[in-house]
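These entries record what I looked up in a predicted model. I began with helix packing and then turned to the core and the aromatic rings.

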Amino acid sequence: MDSFLTNLQAITWQMPVMWVIGGILIYLAIKKDMEPTLLLPMGFGAILVNLPFSGANAVLETLYNAGIANELFPLLLFIGIGAMIDFGPLLSNPSLLLIGAAAQFGIFFTLIMASLMGFELTDAASIAIIGAADGPTSIVVANHFGTKYIGAIIVAAYSYMALVPIVQPPCIRLITTQKERRIRMQYNPADVSRTLRILFPICVTMIAALVAPASASLVGFLMFGNLIRECGVLNSLSEAAQKVLANLITLLLGITVAISMKGEAFLRLETLMILCLGLVAFIFDTFGGVLFVKFLNLFRREKMNPMIGAAGISAFPMASRVVHKMGLKEDPYNYLLMHAAGANVAGQIASAIVGGLIISLVG
């Protein structure tokens, strides 16, 4: 009884607030099916680490040091993501790489905004990368700079990934006309040979390492996962990477990162500012991709549907699915999935390279 009373007395006002936040994350994971493999363990972890005298803290700190502080978890997750990606649509239309690059505009815009709002440059860079909607890259960049806001950054990055179907459609409609959204695009895939599929991840890794050496680990592990997929002799490992490895690492990542969600560190004004800045970065990345396609259309005979620019962010494959559904809603015979998927995987590459560039330029 004395121990129970002692525990009650140790409860601070931040703890119940974090229990509510954890409950909301669990609700979104279960009821709304928003990134359940991540938000559910993250929500449960937020509750776990905010219990008085929680014995789980030591275990989670060990996992954090072993898996996040040394960037192991996000890089292993990139292998799984790479194994999921089919670069065929992108190889059929390499110009989509430009859309992926343009859709990173919000990162640099938010970097400037965060700096003007008083954040240190390294913290501003860590916050800005949220706009890529790429959780592993956000972790690597934030961890590299040793920002004290890593908990809020990771929560924001993965939350906005889950909120793609909610955030992107109104942004797209805001800067496009109905006529533009109804532009039909024919998908005529080029014959992408197996040799090209194998050479592509190798060449991209080498080029990225030369352009932005700090991106070598991010791009390299992503491309290694894709090489496992495309080589044709590691099918069982490819399937394991896509399903078992990716899901297991995501679960461990979610509950481990909760160690940085202790109420006294998480509940402050800066966290709210980070969430807002992350949303700004995400929105302006969407704007950047869409507006870039509209710019290209000024010079093209065959117009592209500007909505595929929104898929240039790194939230794979949610962004491409959102664009495809919006296209069908505007015109039931307009199938944009493969075009959007090409832009989406281009954004996956671009976000990893931009993460390395940020580290090189700021670090």
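Next I turned to the largest nonpolar core, which has 104 residues. Phe87, Phe119 and Ile358 have the most contacts inside this core. Helix H11 (residues 150-162) supplies its largest share, 11 residues.

Leaving aside residues up to four places away in sequence, Phe119 touches Ala114, Ala124, Ile127, Tyr149, Glu270, Met273, Ile274 and Leu277.

I also searched for aromatic pairs and found seven in the structure. In one of them, the ring centres of Phe119 and Tyr149 are 5.6 Å apart and the planes stand at 85°, so I noted the pair as edge-to-face. Phe119 is in the loop between helix H8 (105-116) and H9, and Tyr149 in the loop between H10 and H11, so the pair ties together parts 30 residues apart in sequence. Both Phe119 and Tyr149 are buried.

I noted a further edge-to-face pair, Phe295 and Phe299, with 5.1 Å centre to centre and 70° between the planes. Phe295 counts as partly exposed at 43% relative accessibility, whereas Phe299 is exposed at 62%.

Finally, I recorded one aromatic cluster formed by Phe105, Phe109, Phe284 and Phe287.

How values were computed:
Residues are numbered from 1 along each chain as its sequence is written. This is a predicted model: local features need pLDDT of at least 70, side-chain atom pairs count only at pLDDT 80 or more; totals for chains, interfaces and linings use all residues. Side-chain values use heavy atoms; hydrogens and water are left out. A nonpolar core is a set of buried Ala, Val, Leu, Ile, Met, Phe, Trp, Tyr and Cys residues joined through side-chain atoms within 4.5 Å. Buried means under 20% relative accessible area, exposed over 50%, partly exposed in between (1.4 Å probe, protein chains only). Helices (H or I, at least four residues) and strands (E, at least two) are DSSP runs, numbered from the N terminus. Contact means heavy atoms within 4.5 Å. Rings of Phe, Tyr and Trp (its six-membered ring) pair if their centres lie within 6.5 Å; planes under 30 degrees apart count as stacked, over 60 as edge-to-face and the rest as tilted.
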